[in-house]
Amino acid sequence: MKMNLNLNIIKDYATSYLFILPALVIFLVFGLYPFIQVFWLSVHSWDGISLAKDFVGMRNFVEVFQDRYWWQGMWHAGYIAVLALTFQNAVALILALLVDKGIRGGNAFRVIFYLPPVLSGIVVGLIWSWIYDGNYGLLNNVLTHMGLGNLARAWLSDPKTALICVGIIHMWKGFGWGFVILLAGLQGIPRELYEAADVDGAGSWHKFVHVTIPMMIPVFVLVIILTILGTMQIFDIIASTTNGGPGYETEVPVTRILASMLGLSRFGYACAQAVVFGVILLVISMIQLKISKSMKQA
Amino acid sequence: MRRIILTMSVIAGFFAVIAGCAGCGTKPSDSAAGKKSAVVVWHWMSDREEAFQELAKRYEEQTGIVVDFQLFAPSEAYSNKVRASAQTNTLPDIYGILAETRDYASFIKAGYVADLTASMQENDGAWQNTFFKKALTMDTFVEGNQFEVKPGIYGVPIDVTNIQFLYNKDLFAKAGLDPEKPPQTFAEFIEAGKKLKAKNIQGLVSGWGEIWMINCLADNFAWNVMGKDKVLATIKGDVAYTDPDWIKVFVLFKEMGESGVLASGMITMVNKNAEQTFANQRAAMAFNGSWCVNVYKGMNPDLNYGTFLPPQVSKNNPVVLWGGAGSSFKVNASSPRKEQAIAFLKWLTAAEQQAFLAKETSNLPANKDSLLNIPPVLRQFADAMQYAVHPSQLPYNEYPRVVEAMGKGIQLIIIGQKSPVELAKELASLKSEELKRAQKQ
């Protein structure tokens, strides 16, 4: 009797595992294998074509840590991430709060705000290149008409403005994501909590601070993690506006990885850069999750 | 039991699909379904796709052999596809390699490219002699080349190209410049830029966001300022970038930046935008390759323009420009249809087919006997082929990191963020690092 029972349990487990086998195979082939391959290549010197791959141990990683253009790229991506975390998410939250309050045309705004994120980064980059154009650009035109012609410049070719201009494009393209997630979070807050706060005589500000913010913490954490991960991996906008220039002023980690891979034909080194980059993103996400857990507990 | 049979069926079905998919694309030469024994050609030239299809049709009519041209664009995607296919040994019969010479050499050494020397040289070099001499040099590896490739000819040029200055004759006239007398010296070039600026017309535009175009002009100037031998000595590591001649080259870019001859924002501009700017008459001069004739024709058929050589800086050495084979096809060394592929390429590069391609696509043909009926501007590019050199034709090539740093550094010189001496020192230090690394390896 007991043996029969064990056999049935094994059969059930086997059947279940057989059903997940296709997904597992796909994950192994398209997820785990490339992941391992990147690690393997990162300890080799390889030009992406030759049959021979020379084992170089940790030499590629040592070089990554000494590569000032790589760390400059990390700094640039971090700078844009800070801009996005503050300004982009602040705008997204304000707009989400307005739409949540039921302003007129709320549904139309939802669609309009969600349009930039669904556009191709390359297209967005090209459109903004025209806006920032030094001679025929909309921005310079507006400034000149406002009597501020002395501020006009080739915005994307000036090292003082290139990075922040790219950051603005990225924020414009990205705020819609935050808006949608934050709006969903706001609409998930039970209305009873606000009613109870009303009964207690709380004003709008107190309701925002003592009801909205605590209830939104998990959503904020999600938005923050997505913003950091998305921004650190910025590429298409850079490729279509500045190509990393002028000089190295708008280089970011992904453009450096691509330059190593295709420009310098150093696939092994590019993989080492990718591994270091992946580890950094993982650490950032883990710190973020840890903070959010402690905030929830508090 | 029924459940287990059902489960097993699902699993079997899944693996059948995977196995089926695995077959997709593994044999590019069989992909033209129903086309028996087609010679498969992979290319990236979307502007030539129609002409290629027409030629394939004519070839089939003449020989009965089917040629299947397969387009993969844009060029970056094509390039990645070729690299990936090489790794899985699934390259087609004929393909092109979009990469630097060192990568081309790696393809050859890995056995992916057939040596065409014997075919080129049979019948007293009948095939080889149909090409512009400079068209073949990019596909030729000479004895003692730095990449250690067995000497020989490994590719078939389809067209040739060179990069020159272009000027808008109407805008020149508007600025009071002689539309039939473009600048010849660097001083005249700067002067022309100033006159244009005075009339509120932008001067030179080019895709200098793509640093290879900046390096191209820097090389032109370097050859003119110090001559071929000294440039080669620098690449070899015998002359430092801190040499006064190199600093003089970088100073030229500083002067261009300061004089206002350069169009606004061009140091981060991609070449496509630069082409639009020149075609729309928003800049009076451009630095672009011979492919631009076709591009400008599409953007503004009425554009009235001519070409001129890179402005001369020194009289001690000749003016040169970048040029050589534009696009070239390689034959897969392990193709079962290698002979058919070579026969097709011979036909494709014969005068009649080359003239057809030149007429249809406004590109400079590789066959020197097919220059009749090309547009006048293209004729100017053809005439300038005598001044063309290409870094990949040289016995030594500069390290990619140095090349990148030079292009990026010149961008910063133009906008006054770096001095020529600073760049020279940076390049010298980088070069020394690369030489040390090469010695270790």
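In the predicted model, chain B comprises 17 helices and 14 strands. The radius of gyration of chain B is 24 Å, close to the 22 Å that the globule rule gives for 441 residues, so chain B is as compact as a globular protein of that length. Taken along the principal axes, the C-alpha atoms of chain B occupy a box of roughly 85 × 55 × 55 Å.

Two domains are assigned in chain B, each built from two segments of the sequence: domain 1 covers 35-158 + 326-349, and domain 2 covers 162-323 + 395-440. The centres of domain 1 and domain 2 of chain B, taken over C-alpha atoms, are separated by 31 Å. Contact between them involves seven residues of domain 1 of chain B and six residues of domain 2 of chain B. On the side of domain 1 of chain B that touches domain 2 of chain B, no residue is nonpolar, while four are polar and three are charged.

Chain A is likewise divided into two domains, with domain 1 spanning 2-42 and domain 2 spanning 62-297. Between the centres of domain 1 and domain 2 of chain A, again taken over C-alpha atoms, the separation is 37 Å. Four residues from domain 1 of chain A and six residues from domain 2 of chain A make up the contact, and the side contributed by domain 1 of chain A has three nonpolar residues, one polar residue and no charged residues.

Within chain A, helix α3 (residues 68-100) packs with helix α7 (residues 162-187) at an angle of about 40°, the two axes lying 6 Å apart. The crossing of α3(A) and α7(A) is right-handed, and the residues in the contact of α3(A) with α7(A) comprise 20 nonpolar, eight polar and one charged.

The interface between the two chains brings 32 residues of chain B into contact with 30 residues of chain A. On the side of chain B that touches chain A, the elements giving two or more residues are α1 (2-23), α3 (75-87), α4 (101-109) and α16 (400-414) of chain B. Of these, α16(B) provides the largest share of that side, with seven residues. Classified by residue type, the side of chain B that touches chain A consists of 11 nonpolar, 11 polar and 10 charged residues.

Notes:
Residues numbered from 1 in each chain as written. Chains lettered and ligands numbered in written order. Predicted model: local features only at pLDDT ≥ 70, side-chain atom pairs only at ≥ 80, totals over all residues. Helix = DSSP H or I, 4+ residues; strand = E, 2+ residues; numbered from the N terminus. Nonpolar A, V, L, I, M, F, W, Y, C, P; charged D, E, K, R; others polar. Domains from an automatic or database assignment. Axes fitted to C-alpha atoms, helices over the stretch in contact; angles between N-to-C directions. Left-handed = near helix turned anticlockwise from the far one by under 90°. Rg over C-alpha atoms; globule rule 2.2 N^0.38 Å.
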